[in-house]
Amino acid sequence: MSQVLSPRFAFNPTHPFKPSVSATQRELIDLVRSKLDAGEYRLHPTTCPCGAEKNDALLSEIDRYGLPFKSVLCLSCGTVRIDPYLDEASLGDFYTHTYRRMYGMDLEEGTYDSYFASQRSYAEKILATVADELPEGGWVCEVGCGGGGALKTIQDRGFHVAGCDYDTTVMELGKQNGVANLFYGSIDAIGNAMPEVKFDLIYLHHVFEHLTDPVAFLNQCRNFLNPNGQILVIVPDIYHIDEIGHPAAVGNLLMYLHLAHKYNFSIEGVQRLASRAGYCAEKVVPDAELETPWSKSPELWVKLCLAAATGENTTSEPVGTRYLKYLKRTESLYGMGLCKGQIANKLETLTSPDRLWHKVKRVFAR
Ligand SMILES: [Zn+2]
């Protein structure tokens, strides 16, 4: 471990990085900082879930909010993780009291419709990608289902559904919306309530990267998965950030480093950790025409199936250096405004009179 990716990733206690956030977010970021300083939030060392011996490159000493969390890249598989990371008790406190508001994701009355619409949009995309492989009337499970808007869409297509989440408020909305089998807690909560059910599809939409121990989770899933069933994992993809993304995030790795995402996976990282839990994993590419609010940023879609009894032989050839090079190159281009996605965003502004006019008005309003 040595240098950070570039000077802006260093922790500077005298001139700390100041993110542009709302006053509420600022308050919550300061709260996390004070809990860290007071030792109320405790950190413990982490290892890469690919199972390789610890051999990491330091990328950053801060997260996107300027909080002092270090991100490292596993030189074996290319997965980036926070190390050290919050222990279980600290994480529990963070997710219960801070997470949604700190990320500006609090649901307020009047925003439910757009929330459910966004959930339905990713359900459509998931169905378009895997429905062909599902038996008619099969069982589908979403881990981290929020308000269950996605499950509602899937249920309306004739599948049986179940979901679990830790956010009781949004799940209550889902129940009122007629979504069946929503349970508080982990996938175990579903298993306890419906022990006879085996799922044909278990999916996690922007949730897998939050899990403390993805290998343990996949081991647990084996109890609930049909032998021919599959798990679909959808996570952010930091290895395509040069190509697409919102104007503030395109090419900007710092935006992808934040405390709720313990991991930013490479495909090899997912394959190797999946193999440790007895699965084979392959990248799938959904139809790019199917847009969701998330597809404006790069996503990695990975399908996992139970490996044959002989076990899947994934190679463990180190690929991390290649990924580190990608991040270094992207950081240089980002600094010059020359990432492919940055250029595309600029061109889009220039070719859209409405967007250009909006920008001009903003300049004069200053
Ligand atoms: Zn690794």
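In this predicted model, a zinc ion is held by four cysteines through their SG atoms: Cys48, Cys50, Cys74 and Cys77. Angles among the four donor atoms span 103 to 112°. The site is tetrahedral. Along the sequence, the donor residues follow the spacing C-x1-C-x23-C-x2-C. Cys48 sits in the loop between strand E1 (43-44) and strand E2 (56-60), whereas Cys74 belongs to strand E3 (residues 71-74). These two residues are 26 apart in sequence, so the pair ties together separate parts of the chain. Both Cys48 and Cys74 are buried.

Charged pairs were examined next. Side chains of opposite charge can pair when their charged atoms come close. The structure holds 14 salt bridges. One of them joins Arg42 and Asp87, with an N to O distance of 3.2 Å. The pair links distant parts of the chain, 45 residues apart. Arg42 lies in the loop between helix H1 (23-37) and E1. Asp87 lies in the loop between strand E5 (85-86) and helix H2 (88-97). Arg42 has a relative accessibility of 44% and so counts as partly exposed. Asp87 has a relative accessible area of 17%; the cut-off for a buried residue is under 20%. Asp87 is therefore buried.

A second salt bridge connects Arg157 with Glu124. Their closest N and O atoms are 2.8 Å apart. Arg157 is partly exposed, at a relative accessible area of 44%. Glu124 is also partly exposed, at 33%.

Glu282 and Lys303 form a further salt bridge, at 3.8 Å from N to O. Glu282 is in strand E12 (residues 279-284) and Lys303 in strand E13 (residues 299-306). The pair therefore ties together parts that are 21 residues apart in sequence. Glu282 is partly exposed, with a relative accessible area of 43%. Lys303, by contrast, is buried, with a value of 11%. Salt bridges also occur as a network, which links Lys54, Asp56, Arg81 and Asp83.

Helix packing was then considered. Two packed helices are described by the angle between their axes and the distance between the axes. The axes of H4 and H5 come within 7 Å. They cross at roughly 50°. That angle makes H4 oblique to H5. The crossing is right-handed.

Thr168 is partly exposed, with a relative accessible area of 45%. Thr168 and Gly146 are 22 residues apart along the chain. Their C-alpha atoms are separated by 8.4 Å.

Notes
Residues are numbered from 1 along each chain as its sequence is written. This is a predicted model: local features need pLDDT of at least 70, side-chain atom pairs count only at pLDDT 80 or more; totals for chains, interfaces and linings use all residues. Side-chain values use heavy atoms; hydrogens and water are left out. Donors are N, O and S atoms within 2.8 Å of the metal (3.2 Å for Na, K and Ca); water is not among the atoms, so sites may look incomplete. Four donors count as tetrahedral if all angles lie between 85 and 135 degrees; four count as square planar and six as octahedral if opposite donors are over 155 degrees apart and all others between 65 and 115; anything else is irregular. Helices (H or I, at least four residues) and strands (E, at least two) are DSSP runs, numbered from the N terminus. Buried means under 20% relative accessible area, exposed over 50%, partly exposed in between (1.4 Å probe, protein chains only). A salt bridge is a side-chain nitrogen of Lys or Arg within 4 Å of a carboxyl oxygen of Asp or Glu. Axes are lines fitted to C-alpha atoms, for helices over the stretch in contact, and angles run from 0 to 180 degrees between N-to-C directions. Angles under 35 degrees count as roughly parallel, over 145 as roughly antiparallel, 65 to 115 as roughly perpendicular and the rest as oblique. A crossing is left-handed if the near helix is turned anticlockwise from the far one by less than a right angle, and right-handed if clockwise.
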